[in-house]
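Hi,

Here is the structure I said I would pass on. Have a look at it first, and then read my notes on its aromatic rings below.

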Amino acid sequence: MTEFWLISAPGEKTCQQTWDQMMVATTRNNNLSTNNKFNIPDLKVGTLDVLVGLSDDLAKLDSFIEGVVKKVSQYMADVLEDSRDKVQENLLANGVDLVTYITRFQWDMAKYPIKQSLKNISDIISKQVSQIDNDLKARASAYNNLKGNLQNLERKNAGSLLTRSLADIVKKEDFVIDSEYLITMLVVVPKTSYADWQKTYETLSEMVVPRSTNLLFEDHDSGLFSVTLFRKAIDDFRHKARENKYTVRDFQYNEQEMNADKEEMTRLSTDKKKQFVSHMTGNMMPDQGILNFSEAFIAWIHIKALRVFVESVLRYGLPVNFQAMLLQPNKKNMKKLREVLNDLYKHLDSSAAAVIDSAMDIPGLNLSQQEYYPYVYYKIDCNLLDFK
């Protein structure tokens, strides 16, 4: 994905002239960025005191919503697991990809009526995204519980022969069943000890049925052997087996229990798919996740628009007269673009220009925590997924 710089500068004789100057500086002769006008409607200004307070509130809200947007996209990636490559193409806002949405941004009048005060609009957005965040926490918690239970069952069905579930390994015919006197035991024998087992198992205790052992299953290190003996010899057989470094598994053949285990595994697996994933455009996608992502992302860009509006009025004064512009920097020319914008707008705030000039000369000085330029500037970073 990509990074955008959302900036504004005061209207010269006209806002169009401001736009033209920026286009000449950044695109003619030097391919520094791809630019679009960023349309912000005529919002209600309110008093200066309200704007100053709102500026701080919007900064916090911006940060909160960005966090929610990233969490929703990460949640979608977690749910998709093996199809993570499909996540990016399904991160949509209003049904279009994020770059298209941002570069063709139109204020949503129905959701955020511009007759309301700026404070009311920011409250509407805050409430909406808090609801998405709460919904996400509930969904993620339910999903993680389901995933955890499934992983526990999967672990029981994998792992070594010493611990794994034997339900999918053994068959009814491997056992003597419903005998008053005889019982079939299961013993885990290291591969290196197969020959010793065959020589000694009949004599590990009295009452072992001769030639009753069979190898039922092998993993990397060991084999699972059955052996039949008289019930009264169980304890003695266990003890002698342990002395010879064989492990008797505590297992009794019970068809109902084994089927219940298998059914639980199938149920959890189906629930995991069904509860959080639905068919959309031929891809398996978490439908509610898509809706929540779109809502949160749209809210985030509206907050960016509000911030540009408020900051532009605070910096450039009244009447409202500024041009908001969206720049998509050419990756190789970011430093150059910053210098060109600084030259173009340093007359707006000489103190900011001085800070930037000195910072450019001091290696290691990082102003990113509170980036300040002579023009209004906010970054929109669409790299939302952190794939480990």
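Let's start with a definition: a charge sits over a ring if NZ of Lys or CZ of Arg is within 6 Å of the ring centre and within 35 degrees of the ring normal. Arg338 does this with Trp5, its charged end being 3.8 Å from the ring centre. Arg338 also lies over the face of Tyr377, 4.2 Å from the centre of that ring.

Before you go on, note that this is a predicted model, where local features need pLDDT of at least 70, side-chain atom pairs count only at pLDDT 80 or more, and totals for chains, interfaces and linings use all residues. Residues are numbered from 1 along each chain as its sequence is written, and side-chain values use heavy atoms, with hydrogens and water left out.

Now for ring against ring. Rings of Phe, Tyr and Trp (its six-membered ring) pair if their centres lie within 6.5 Å; planes under 30 degrees apart are stacked, over 60 edge-to-face, and the rest tilted. A search of the whole structure turns up 18 aromatic pairs. One of them is Phe38 with Phe105, stacked at 4.7 Å centre to centre with 5° between the planes. Another pair, Tyr75 and Tyr143, has centres 6.1 Å apart and planes at 85°, so it is edge-to-face.

What about burial (under 20% relative accessible area is buried, over 50% exposed, in between partly exposed; 1.4 Å probe, protein chains only)? Phe38 and Phe105 are both buried. Tyr143 is buried too, at 1% relative accessibility.

Cheers
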